[in-house]
Amino acid sequence: MSSLKNVLLSLIVILCLTGCWNRVEVNDIAVVTAMGVDKIDGNRIRLSLQIGIPATFGSGSAGNLNGNVRSTFSVSETGVTLSDAYRKIQEKLSRRIFLSHSRVLFIGEKSAKDGVSYIIDFFARYQEPRINALIVFTNGEASEFLKNKPLLEKVPSEETREIMKQGIGLKVSIKDFWDMLISDGIEPVAPRFKLVPLDSRIDSGQESDAAQKIQAISGAAVFKKDKLVGWMNASEARGILHLRNELDLGVITVNIPKEKGGGKVSVKYLKVDTDFKPYFQEGELKMEVKSRSDVSVLENASPINLAKSEELEFIETKLEESIKKRMEQTLNKAQKQFRSDIFGFGRTVYQSYPRQWNSIYKKKWDTVFPELEVTIKAKVSIKRIGLSKETK
């Protein structure tokens with residue numbers, strides 16, 4: 001009898017649990033595809049949301065290829081906190097704001113300089129937004145990027161994601177940024193985006209399709225704690241990728257000296273491996289960086305015959321010099337100008353020498369890193385030269 005009661009009780013519990021008691025219908029929500037945060041006059045926070053237009057989601061066309069039909073619209077409000085601005089936006093919409101499909105968080109320059117801890121805190125506490133959404137910092141106001149029309153994707157934020165997926169620049173999620181922010185021995189870094197003319201020959205002030213501004217990755221945002229301290233340009237950003245062992249795609253071009261006929265040779269990366277090795281020399285902490293790159297010749301605009309081993313070795317040496325120089329310039333800017341360890345040297349010291357890190361370097365890494373002696377060694381191997389003939 002007791003077992004029968006247990007079975008009946010179990011059935012009642014199961015029946016009570018069936019069904020979506022707290023479900024929200026698709027027709028009742030406003031799906032947010034991207035978010036933007038800006039600081040404006042009076043130290044107020046402006047939250048901007050890019051919201052999908054349901055009627056356009058079934059269309060097979062993408063971006064501007066579908067004429068003037070837009071797949072999203074943007075709405076914004078100001079508040080003393082993000083939550084305050086969020087509440088005000090909700091008061092303007094007939095549907096409940098739904099943040100779980102937000103793919104990109106844009107943060108404007110002024111907000112970044114004032115500190116972004118409160119923004120990261122909002123995403124860490126509120127369960128609805130995706131913490132794996134990508135984070136992007138912008139020259140000027142973030143809200144402008146939410147108004148931008150996509151070219152090849154239906155939704156502007158998807159275009160942002162696709163640009164970063166190519167490996168041309170940094171790709172950082174909110175979680176990645178948060179981890180760098182709260183971890184010892186590393187400072188946050190993230191991609192910078194700009195709005196640039198579609199056609200570089202056209203004045204952006206002209207009214208034409210070619211003058212339309214599009215989003216483009218353009219370097220990196222460097223932080224000290226939670227505050228933006230400066231920008232790295234596109235070349236320096238690739239140096240960051242090289243030093244952080246995150247370089248997946250890229251082309252590098254070297255100049256051939258006049259005594260060898262002049263011209264240029266371009267190669268693309270096939271594989272890159274970079275590692276750090278901290279060591280002590282006469283009691284002083286130092287760092288060695290070794291980078292190994294496999295490349296393929298993309299273009300030979302010079303009279304050099306790449307079929308000859310001695311010429312191939314010459315090109316490899318020139319590439320090694322170029323890569324080393326780029327990494328040294330990036331490192332020097334991070335050490336001397338920004339004083340920010342965006343490469344994670346401190347984290348590597350902790351992993352190799354935990355006792356010394358905890359007793360000596362952890363408390364004073366801000367002063368040790370800018371003076372840390374770093375030796376960079378670059379090795380390049382050309383794996384493919386392609387189908388070509390000797391230049392006459």
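User: Buried means under 20% relative accessible area, exposed means over 50%, and partly exposed is in between (1.4 Å probe, protein chains only). So how does Lys318 count, and at what relative accessibility?

Analyst: Lys318 has 23% relative accessibility, so it counts as partly exposed. Before we go on, this is a predicted model: local features need pLDDT of at least 70, side-chain atom pairs count only at pLDDT 80 or more, and totals for chains, interfaces and linings use all residues. Residues are numbered from 1 along each chain as its sequence is written, and side-chain values use heavy atoms, with hydrogens and water left out.

User: Got it. Which side chain does Lys318 meet in a salt bridge?

Analyst: Its partner is Glu321, at 4.0 Å from N to O. A salt bridge here is a side-chain nitrogen of Lys or Arg within 4 Å of a carboxyl oxygen of Asp or Glu. Glu321 is partly exposed too, because its relative accessibility is 46%.

User: How many salt bridges turn up in the whole structure?

Analyst: The search finds 28. Some residues even form a network of salt bridges: Asp84, Arg87, Lys88 and Glu91 are linked that way.

User: Which distant parts of the chain does the Lys377 pair link?

Analyst: Lys377 bridges to Glu288, with the closest N and O atoms 3.1 Å apart. Lys377 is in strand β13 (residues 373-384) and Glu288 is in strand β12 (residues 284-301), 89 residues apart.

User: New topic: how many residues are in the largest nonpolar core?

Analyst: That core has 85 residues, and Leu49, Ile135, Phe137, Phe343, Phe345 and Trp365 have the most contacts inside it. The largest share, eight residues, comes from α9. By nonpolar core I mean a set of buried Ala, Val, Leu, Ile, Met, Phe, Trp, Tyr and Cys residues joined through side-chain atoms within 4.5 Å. There's also a second, separate core of twelve residues, including Val104, Val136, Phe145 and Ile163.

User: What does Leu105 touch?

Analyst: Skipping neighbours within four places in sequence, Leu105 is in contact (heavy atoms within 4.5 Å) with residues including Met35, Val37, Ile119 and Phe123. Leu105 is in strand β5 (residues 104-108), and at 1% relative accessibility it counts as buried.

User: Last one: which residues of helix α10 are buried?

Analyst: In α10 (residues 345-352) they are Phe345, Gly346, Thr348 and Val349. They cover an arc of only 160 degrees around the axis, so they are on the same side of α10. That arc is taken from the directions from the helix axis to the C-beta atoms.

User: And what covers them?

Analyst: The cover includes β11 (264-281), β12, α9, α11, α12 and β13.

Technical notes:
Helices (H or I, at least four residues) and strands (E, at least two) are DSSP runs, numbered from the N terminus.
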